[in-house]
Every structure is written in structure tokens, then in C-alpha cells.
There are 2 protein chains.
Amino acid sequence: MSILTGMRVVESSAFVAVPLAGMTLAQMGADVIRFDLPTGGMDAKRWPVTRDGQSLFWAGMNKGKRSVALDVKSPRGREIAQEIICAPGPDAGLFITNLAVKGWTDYDTLSQRRGDLCMVQLRGDRHGRPAVDYTVNPQLGFPMATGGKGSADPVCHVLPAWDCIAGNMVVSGLLAAERHRLRTRQGQLADLTLKDAASAMLGNLGIIGEVQVNGETREKHGNALYGAYGQDFLCADGRRVMVIALTLRQWKTLCRVTGTETDMNYLSGALNADLDTEAARWEHRAAITKVLTPWFAARGLADFADLFDKAGVTWSVFRSFAEAVAEDPDISTANPMFAEIDQPGVGRMLTPGSPFSFAGYGRDKPRPAPILGQHTEEVLADVARLTDGEIGRLIDDGVAMQPGDRLRMAS
Amino acid sequence: MSILTGMRVVESSAFVAVPLAGMTLAQMGADVIRFDLPTGGMDAKRWPVTRDGQSLFWAGMNKGKRSVALDVKSPRGREIAQEIICAPGPDAGLFITNLAVKGWTDYDTLSQRRGDLCMVQLRGDRHGRPAVDYTVNPQLGFPMATGGKGSADPVCHVLPAWDCIAGNMVVSGLLAAERHRLRTRQGQLADLTLKDAASAMLGNLGIIGEVQVNGETREKHGNALYGAYGQDFLCADGRRVMVIALTLRQWKTLCRVTGTETDMNYLSGALNADLDTEAARWEHRAAITKVLTPWFAARGLADFADLFDKAGVTWSVFRSFAEAVAEDPDISTANPMFAEIDQPGVGRMLTPGSPFSFAGYGRDKPRPAPILGQHTEEVLADVARLTDGEIGRLIDDGVAMQPGDRLRMAS
């Protein structure tokens, strides 16, 4: 039992945002059914892949879902998909998609089958143009403000941040719509675009105001934390650390633990600046960094890590992905969020469950992603309510696909 | 009326994630009450600020909320805050925080006042150590995989992506907990850490598998889209564009519109590689880029923008923040998500509403952020059910603060 046990969500999706939304709901206990073509969705081979070409990305984004392989290019396949989306049940009739197709998975068509359908559709932009994380991000200005001060070249992020944000918004939108349905019995279409989710954040973070009210555009400032103090330092052993003094307490702690209080007081006087204020720390960050640099250059990570942790410094070490997996106990089975599980076709690997823990429910062990079509027969039987004979014919006709080595289930 | 009208959420927070969560709920129609010290929260002066020192960040993150200024360092202030959090009502008793303090805003204490309280608490990491976006991100490996191939230096993201992701998860967690309460009448504590939200994404994106299964750590690869084809190009007019060929259709369209089909066919033959596959496009991205570079170098943005849009190319232009606000119609009142509103203390500026549109509800015009303590009197009267006399004494004693120029409301 988990917090959303009993809820059924159907997903028609590809790539990051909506698959992530469905996976998030599945890890909170919902029965999430994703349907794809028998040849796989557009993201079936998405990188990273194993040496055999199995998608580690697909495995990561579809954990705990049920997979139905349906030829939705055929009229019969479409009808069955609609049947699954609109199947009865007070906790069903929930649909998320970033592939809405006019005429058969748009809200007007689907809601004729189930009037109280709750659907969240994520689109690229409000004009119906294609847009992905990699095209939305450059338009908004973040890559031109990323990286070292010297360079005019944009630096794009590696984390598909807008997709991850929009994916979590799809979850919120669906839960809000279903909440509304519980109270009013009305269905709901929630519409969201990746571009709008991202553009809104420009305003939320104060960046539009910076441009419009202050007449400024933020420049590149390397790895400095914007607007207070935070900087990366190279240590004697070649490791690099990030140190943060956003709040006054963080600033005082950093100065105390590095023994730079006297130097910083002297600096305050010399600059005629109150370094206890965020604005002064930001303005004079280069001078502060100059004071701190020799301290880190004289020490290896092991010389101060415990000291920093005990004193409550807000800091961290930089790692490569491999170092993160190798040396961070939070990314290991020491963290109850993670478990080693067998992912069919991929092998055994460390796999995260839901980052949430809900009181009263133990943490669910993460479940693997399905093989494509793994649950075709059971979903056609239990959700679409087809007979065994009908299911057999659909498979024979290539409208539905169940991986061959699996026993036919009785309906 | 909006999708969450009637719901009441109380927020004790600072900085990005939980303020963003409350703002998201407020823009979906919830009554969100944020309480802060009469001197302001830790983020009251967070940059960017106007030339007068008014926080544009605070204005962005607190739109549409009610603000209560309470001295929660005093016992009476704490009691009133608890009263507000636990006030009766079937759609109230919802609390989000990233500042949970043992003894007075922890779940055990609060749930004694209201047994069915639903609370989401966001913490730094599972050990109780301080952690912020700027320290979580370096640990996981993203900065070491960001930026140009040549450099060993990490490049930190400018968007606080993990905060934005975790903030949206706080919304989902609260809605899931309240859904559960509607069905079971039970309260709920949902616990989430910023570090876990971020670490889970390493697994979700397949990066842990890349390390564990393939024995590889992803290197820096500049602005190339990982695992398929996507690259930035400099145009004849000095503008830079991003072009994406993630799917086969995107690839075919890109080749057709740039007239490089023959060259790419020749390349496929010469490399003995099927560029119609993502893997081959990724492996041979440098050769593909070489073919495309002269095409962009010979043209200004205006020469191909319409052509690309009409052909459905997945592409975008790079902009600074100022250019984005100046030239993108999606970041203007031409987009119904945005409106020009007056933000007290800041002035008139373009402000985003909710990125969602829910069918049946028009888009709400964005509301400004409150002045600190703007709603102290009305919330003490309506939610904490104090008398006018009690409220007056609390203000006289400095336990509560209402900005001076406001008329006292009758309770």
C-alpha cells in the first residue's frame, strides 16, 4: 500500500517530462499504464544505452509501470487505447500525454467516451510548434548566463531541467484535476506547455524584473552563487569544493571555521562594506575569494571535511557521475530510497524509488521498468475487458503485442 | 474560481523550493498563507533586488499569497502560528515547510492540535545537514559534465533546477496527501529531501546505469544534445541557433530544409553508418556538424527563421535574458499567461500567472506578492479567530506586525 494505491493513470508519451510524471505517480502507488507501438515508442532506444543497445534511459523513466504494446496506427488499436484510457472506475479515467493527437486522443474525442475524464496534456509551445528542453532553454537566456565570465559562448545545461520541472507539474496538474473531480464530478483538461513552464520561471526568479525594472541583463559569473556569497575552490589534493554563505549564519560559520574572521573584518573596514549583508558579499565576492583561496589551497579534502560537517558549514565536493555513484553513501543502498534490482535486459543496478516517504507507509522498493508489451494481455483483459479469444486475435493480427516467451493469461 | 479554490495552505519557508510550491498552489486558486518574522524571512532581501533594495526574487516567489508577520521566536507568536496551521475546515490543515523546527512546527507537535494535518516537509539531506541547490548539484556530477570538451573545470547551472523540481514535488506531495485524507480522514507527513530528489534523477535519467552497467562516466560534450543529434551554430549575423534531430522525423526535416540530404547520404556511405539511427548521429556528430556549419555561416537568422518554422524544424535562437524579454512574444502580454501588474514597492512589470490552463476556468490574472505582514490582521481575525482587541494587543506587543499605513480591519 502506498499513498496513491488504487488510482489508475494511462500514459501516452515519449522522452522525459510525461514519462517522468507517470513514473512519479507509479512510485507513489498508482497503477500507471503506458501504451506504445509494438515497435516501441520514439524513446525506446534513447541514450544512454547498454552495450547491447538496451535503453538505460527508458528503464529509468518507466519504472513500476505496466506496458501495453498496441498498434495505434490502426483503427482497432486506437479504439482499444481509448477503451483503456476511458475504462470505468472512480479512481480511473486519468490520462497524461505529450503526444495528444487530434481526432483520437484529444480531450473532445475522449470525453465523449468518459465525460469525467481528467487529462493533462503537455505541449511544446502555445503555437503548436515543436519544442524540447534543448530548444526552450536557449531562447530564455540561461545558456548565455552560464559559465566563465570571459566567454561570450553559451553553455547549455546537461540536466534537462525544464522537462523535469514540467514532468512534476504534470503530476500536480493531474492530482489537482482529480481533486476537483472528486468534489464536482466534472472532468477536466489541464493544458500546459514546456515553453510556458519555463518562461514563467523567468518571472518567478525575478529575472524579468531585473531586465524591466533595473534595465540589466545578468552576465556570466562562473560558479559564484548569484546575489550573496558562494564559490568553488581548488584544494591541495586536486579536489574542488563549493562553499556557500547565502545566510548570515552560513557566512559567520564559514569565516569562523576557516579562521578568516580577522581578515574579513579588516576587509570590511578597507572596503567600507558590511560583509554581513548579502549585497556586500556579492559585490565584494572577488576580495572574499582572495582571502579564502590560500586556506583551501593549503588543505586536502580530508583535512577539513569532518571539521566543516561538524561546524555545519554549507558546502560540498565536486564529483564526476562515476565518483558520485562510487563514493556518495546517499547514492547507495545505505539510503533507503535506493535498492539494487534486476532490470530485465539490462542487469542488476542501483535503482531509486520515490524520493517521498509518507508517514504510515514504508518506502516501497523500486520496481523495474516493464519489457515493451509485458502487460498487454492482462491490461486488455482486466482494463479493456476483452475476452481471451479477442485478445488472441488482436495479437495474431499484429494489433497488440505480448512478448513471445510469456504465457497467455486467462481473462 | 480556479481549480483549487477553497483549499487553504499554510507555508513556513524561505528561498526557492517551498516558496515556489506555495506560489504554484496560490496560482491554482488555493488560499496560501505564508508567515514570516516581522523583520522578514531569510529570503526577504534575496537578489535580484531593485535599486532601492526591494527583492524582485521575493516578489516573484510569493505572488498571490497572504503574508502574516509574526514573532515566532516568542511563545505567543508560535502558538498563533500553530493555530493558523491547524485551523479547522475540511480544506484546511495543509502545511508546507522547509524550516520545520523540532518542538513547535514538527509533525508530532502540530498533529496534536489537528490530527488530520497534512504536512510536506522539505529538508536538505536525510542526515539533517544543510544542503542547497548549489551544494547538491556539484556532488552529483552535473557540473563536471557541463561545458566545453577541453576544460576540466566544473560549470554550475544558473537555474536552481533542483529547487524548482523539488518545489513542484512539494505540490504533488501535498495534493497526494490531501487526496489520501479525503478518502481515509487520516493526516499525513510527507518527507522529502532536496538531495534525494536530485539523486533519484541520476537513476531516472539512466546515468547510474551508465556508470554501473557500462562502466562509463559521461564527459563534457559542449552544447551537443546527448545521444542523438543537436548542436549550436553561429550564423552570418552573429546570432547563434540550436538545431535538434532527436527523432528520425526531426533529422529528415533538418537535412531537407538545409539541402544537405545528398551530403548526409554521402557521409553515411563514407562512414559506413546509418545516420537514420540516433546512435550513429551521436557517434558521428562532429562530421554532421561539419556539413551543416557552412550553411548557417552563410545565412543570417532572418534568412531561415520562417523557412524553419514552416518546415517544422525543431530549433531555437540563443538569447540573453534581456533579449528574451525584449523579443520573445511568448514573454509578453501577447501570451495570456502574462500580464503587466503593479508590484507594491517595485513598480509595474510583466508577471507570469500559472502555466496551467484548466478547461472551464479562465486564466487568472497574476496577483502581486504581498507586502510583508499585509494580511496579518485579517488572518488573525478570520483564521486564528482572535478578537480585534487581542489583535491590537499583539501588534502593540510586537508579536504581530501589520504595515502601518493600513487601516485596522474589524474582526
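Reader: Hi! Which ring does Arg218(B) lie over, and at what distance from the ring centre?
Author: Hello! Arg218(B) lies over the face of Tyr226(B), 3.5 Å from the ring centre. A charge sits over a ring when NZ of Lys or CZ of Arg is within 6 Å of the ring centre and within 35 degrees of the ring normal. This is a predicted model, where local features need pLDDT of at least 70, side-chain atom pairs count only at pLDDT 80 or more, and totals for chains, interfaces and linings use all residues. Side-chain values use heavy atoms, without hydrogens and water, residues are numbered from 1 along each chain as its sequence is written, and chains are lettered from A and ligands numbered from 1 in the order in which they are written.

Reader: Thanks! And what does the charged end of Arg218(A) sit over?
Author: The ring of Tyr226(A), with 3.5 Å to its centre.

Reader: How are chains A and B related, then?
Author: A rotation of 180° with 0.0 Å of shift along its axis puts chain B on chain A, at an RMSD of 0.0 Å (least squares on the C-alpha atoms of residues with pLDDT of at least 70 in both). The two copies are thus related as by a two-fold rotation axis.

Reader: Switching to rings: how many aromatic pairs are there over all chains?
Author: There are 34. Rings of Phe, Tyr and Trp (its six-membered ring) pair if their centres lie within 6.5 Å, and planes under 30 degrees apart are stacked, over 60 edge-to-face, the rest tilted. The rings of Phe35(A) and Trp104(A) have centres 6.3 Å apart and planes at 40°, so this pair is tilted.

Reader: Where do those two sit in the chain?
Author: Phe35(A) is in strand β2 (residues 31-36), and Trp104(A) is in the loop between β4 (94-97) and α4 (107-113), 69 residues apart. Helices (H or I, at least four residues) and strands (E, at least two) are DSSP runs, numbered from the N terminus.

Reader: Is Phe35(A) buried or exposed?
Author: Phe35(A) is buried, at 4% relative accessible area, and Trp104(A) is buried at 7%. Buried means under 20%, exposed over 50%, partly exposed in between (1.4 Å probe, protein chains only).

Reader: Nice. Which residues form one aromatic cluster?
Author: Phe233(A), Trp295(A), Phe296(A), Phe304(A), Phe308(A) and Trp315(A).

Reader: Last one: what does the secondary structure of chain A come to?
Author: Chain A has 16 helices and 13 strands, and 64% of its 411 residues count as buried.
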